[in-house]
Amino acid sequence: MRYFPVFLDMTAADVLIVGGGVIAERKWRLLARTPARITVVSPALTPALEEAAQAGSITWSGREFEPGDVAAQRLVIAATADAGVNAAVSRAAQARNIPVNVVDDRAQCTAITPAIVERGEILVAISSQGVMPVLARRIRERIEQVLPARMGGFIEIASGFRDRVRERLDADRVRGFWEGLVDSLWREGFAESDELIGQRIERALAQAGEPRKAPAGRVSLVGGGPGDPELLTLRALRRLQDADVVLFDRLVNQDLVDLARRDAERIHVGKRRDRHTVPQSQINALMIDYARAGKQVVRLKGGDPFIFGRGGEELADVVAAGLNVEVVPGITAASGCAAYAGIPLTHRDHAQSCMFVTGHRKANGELDLPWQAMAAPQQTLVVYMGLATLADVCGQLVAHGLRPTHPCAMIESGTLRAQRVVSGTLRTLPERVLTAQLKGPALLIVGTVVTLRPDLAWFDTAAA
């Protein structure tokens, strides 16, 4: 580790920025969030820096750099476009043992600035030690997505209770008090208002001396989306990282399951066509039993729980059991797969409505669907689980009014790198799918919007 991470107190600190261009402005914007006194040395300034100088937010010396400028500075930043000037700034600062950062010149630096995530008093600094700043920024973006935006507000409110908590609780219980409170609020994304968070802390403190109750369990019905892990919602990710138990289906991408907390119990309840590994009633019972034991249970489902995911049945059973439950929607397969295939579900020139149906046969083998409504013109039809019944579906649509030449497409493993799309017509698609040996999971889209795919298939190029 070449660089030792440390946070500098900028209260009443003097900071020098040499340079007045766009790069210098970026450094100033970062430092302006601190109480530091900032001096900028440069013959010219960007409009934003000029405005800051006029407002008295910075002290501007409108001239070239002189070595004496670094005297008494806590931090020096060289941000000019002239490598010679930057090197002179670095030498002057190092001669006085003042930390110096030279933008985009690691060899001249004795200090580097990390990528920063800020949530009130919480600061997360990410550094590649100057080797790969782009990667550090990408990591920062990921952390930004995970950390709840309102976390900073909680810290400000909670700090006002610290003395009272210490007075009321023994020293060995203070940590547990705050851990329980933080864990509870984290599960909810710190979504409550400042007033409600304050009230919750008050209640927790009032109850701190009472006998401890068993932890409250909860079931989260989480939509995992169509497959690509990056399409997971932020709330879904938080629930996975907080889960004690994860029950997941066969259609859920393993990469999504791997996002769960490392020590979470993972239970595969996967269903295959015509063969249920775990009966639905047993899945519901498992969720209820674990939640009653105080566990945070995630029922992870592909797509969206309420679109052909039996989420309504699961929710009803958990509600009837009197347990805490929530639904975290996900991007449904129709939307995700169509988007990645370059097939708009609606289009003013092709489809003013969209219909979702499932191609799954009933227990008696019958395919009982609203064929007349499905064959309506100016409509996009999406058939979930339609691979095994593709020939029957295409035949029935023709029998109920659509032309044999009506466009359609089958999408396998939509949104993943392994995605395959077979296009055709109601007459030709079944044979083409057989030839391509599609195995699923697959989604059928019927409608003239399919003809737009040759021009809109953006993911085919991106995945190549």
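Reader: How many cavities of 30 Å³ or more does the structure hold?

Author: Rolling a probe the size of a water molecule over the atoms shows where empty space is left. Here there is one cavity of 30 Å³ or more (a set of points on a 1 Å grid over the protein atoms alone, where a 1.4 Å probe fits but cannot get out). This is a predicted model, where local features need pLDDT of at least 70, side-chain atom pairs count only at pLDDT 80 or more, and totals for chains, interfaces and linings use all residues. Residues are numbered from 1 along each chain as its sequence is written, and side-chain values use heavy atoms, leaving out hydrogens and water.

Reader: How much space lies in the largest cavity, and which residues line it?

Author: About 40 Å³, the space filled by probe spheres set on grid points joined across faces, edges and corners. Its lining (residues with an atom within 4 Å of a point) consists of Arg 218, Ser 220, Arg 239, Asp 242, Ala 243, Gln 296, Val 297 and Val 298. Strand E8 (218-223), helix H9 (234-242) and strand E13 (296-301) each give two or more residues to this lining, and E13 gives the most, with three. Such helices (H or I, at least four residues) and strands (E, at least two) are DSSP runs, numbered from the N terminus.

Reader: Which strands form the open sheet, and in what order?

Author: Strands of a sheet pair through backbone hydrogen bonds, either parallel or antiparallel. Five strands make up this open sheet, ordered E15-E16-E19-E17-E18 with mixed pairing (two strands pair if DSSP finds at least two bridges between them). Strand E15 (353-358) and strand E18 (420-425) are at the edges with a single partner strand each, so one side of each has no neighbour in the sheet. Further in, strand E16 (residues 379-384) pairs with strand E19 (residues 442-446) in the antiparallel sense over four bridges. Look for Leu 381, whose bridge partner in E19 is Val 446.

Reader: Where is Phe 308 found?

Author: Look in the loop between E13 and helix H12 (311-320). Phe 308 is not a glycine but has a positive phi of about 55°, and with a relative accessible area of 38% it is partly exposed.

Conventions:
1 Å grid on protein atoms, 1.4 Å probe; cavity = no way out; pocket = protein on both sides within 12 Å on 5 of 7 lines; lining within 4 Å. Buried < 20%, exposed > 50% of the residue type's maximum accessible area, 1.4 Å probe, protein only.
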